[in-house]
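Reader: I have a model open on my screen and would like to learn how to read it. Could you walk me through some features?

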Amino acid sequence: MKYKITGKFCNNFISQTLGLMFRTPQVMIFPLPISMKIQIHTWFVFGAINVYFLDKNKRILEMVKNLKPFRFYTSSKECRWIVETPTNVSFKVGDVLEF
């Protein structure tokens with residue numbers, strides 16, 4: 001399936017470092033400069049989130065649902081985009097996101 005989403009783009013080092021820290025969960029979109037495996041954390045994120053790892057065509061390659069606060073997660077696949085959403089927003093592997 002193809003879905004159109006809107007959210008806050010985190011295009012620079014500071015916004016990518018802060019992400020959802022000290023915020024309520026919302027849709028956040030993180031572009032990466034190259035395809036890579038990436039480690040994320042939920043330090044100071046005060047609610048569970050869903051995290052989606054997308055390829056260069058914005059197809060979901062991997063996901064982690066209901067990632068609790070104060071955890072680390074390392075993607076098993078190389079990705080070009082990361083999308084973080086509240087837990088009530090749900091997609092599946094193979095879906096394509098447009099933003």
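Predicted model: local features only at pLDDT ≥ 70, side-chain atom pairs only at ≥ 80, totals over all residues.

Reader: Which strands pair with β8, and in what sense?

Author: In general, strands of a sheet pair through backbone hydrogen bonds, either parallel or antiparallel. A strand here is a DSSP run (E, at least two residues), numbered from the N terminus, and two strands pair if DSSP finds at least two bridges between them. Strand β5 (residues 49-54) pairs with β8 (residues 79-86) in the antiparallel sense over six bridges. Asn50 has Thr85 of β8 as its bridge partner. Strand β3 (residues 28-36) also pairs with β8 in the antiparallel sense, over five bridges, and there Pro31 is partnered with Trp81.

Reader: In what order do the five strands of the open sheet run?

Author: The order is β2-β3-β8-β5-β6, with mixed pairing. The edges are β2 (8-9) and β6 (60-67), each with a single partner strand, so one side of each has no neighbour in the sheet.

Reader: Is β8 largely enclosed or open?

Author: Buried means under 20% relative accessible area, exposed over 50%, and partly exposed in between (1.4 Å probe, protein chains only). Seven of the eight residues of β8 are buried, so the strand is largely enclosed by the rest of the structure.

Reader: How many salt bridges are there?

Author: Side chains of opposite charge can pair when their charged atoms come close. The rule asks for a side-chain nitrogen of Lys or Arg within 4 Å of a carboxyl oxygen of Asp or Glu, and the count comes to one. Glu98 and Lys2 meet in a salt bridge at 3.4 Å, N to O. Glu98 is in strand β9 (residues 96-98) and Lys2 in strand β1 (residues 2-4), so the pair ties together parts 96 residues apart in sequence. Lys2 is exposed, with a relative accessible area of 56%, whereas Glu98, at 31%, is partly exposed.

Reader: Where is Phe72 found?

Author: Phe72 belongs to strand β7 (residues 72-74). With a relative accessible area of 48%, Phe72 is partly exposed.

Technical notes. Residues numbered from 1 in each chain as written. Heavy atoms only, no water. Helix = DSSP H or I, 4+ residues; strand = E, 2+ residues; numbered from the N terminus.
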